Amino acid sequence: MSDTVNEVTLTAPSGKTRRLTLSPAEPGVWRSTVEVNELGLWRATDGTLNALANVGPPNPREFTEVTSTTEVLAPLAHATGGDAVRVEAGSGIHVPRILAVRSSDTFRGDDWLGLRIREASVVRGIGVLPIFAGLIGLLLLIGSLAITWLREGR
């Protein structure tokens, strides 16, 4: 056993780090107390040994009910004119048509879902490049190298 211990680097769930100096608590046990302000998995290391500590509930709220359902989002979706639907209904995959909708109070139908067009971006131009432009350039480069090699090899 050692009478000294290296400083420990404590890394928060957000990635922020801080250095801790441990003090002896009993033979072979070193401790430090830290106030934490983030929930999640904290990592402590001295460069050789690592330790992990979970701060927060052992069973977070988002893991208490993991059954897939549309009932949770349905009230919000219906209040905003949308819908919450299943993509797979048990007898195969059914993906509804996705349509662009400019102005409407309803963004759903029996077999379609709408996405509101917000005109938030403007296309100023489209560039067209032939699909074989890179291949032609590569062939010209290889050809010029082959001609140079043949000429210098004489």
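Which strand gives the most to the lining of the largest pocket? Before I answer, please keep in mind that what we are looking at is a predicted model. The answer is strand 6, which contributes five residues to that lining.

Let me stay with the pocket for a moment. Its volume comes out at about 380 Å³, and 18 residues line it, with V8, L22, A44, T45 and A51 lying nearest its centre. The elements that each supply two or more residues to this lining are strand 1, residues 8-11, strand 5, residues 40-45, and strand 6, residues 50-55.

A polar atom of the T45 side chain lies 3.0 Å from the backbone oxygen of L49, and, once residues up to four places away in sequence are set aside, T45 touches E7, V8, T9 and N50.

Finally, I turn to the hairpin, which is made by strand 3 and strand 4 with two residues between them. Strand 3, residues 23-26, pairs with strand 4, residues 29-31, in the antiparallel sense, over three bridges, and in this arrangement S23 stands opposite R31 of strand 4. In the turn of the hairpin, G28 has a positive phi of about 85 degrees.

Key:
Residues numbered from 1 in each chain as written. Predicted model: local features only at pLDDT ≥ 70, side-chain atom pairs only at ≥ 80, totals over all residues. Heavy atoms only, no water. Pairing = 2+ DSSP bridges. Helix = DSSP H or I, 4+ residues; strand = E, 2+ residues; numbered from the N terminus. 1 Å grid on protein atoms, 1.4 Å probe; cavity = no way out; pocket = protein on both sides within 12 Å on 5 of 7 lines; lining within 4 Å. Points joined across faces, edges and corners; volume = space filled by probe spheres on them. Polar contact = N/O pair within 3.5 Å; in protein donor to acceptor, adjacent residues only side chain to side chain. Contact = heavy atoms within 4.5 Å.
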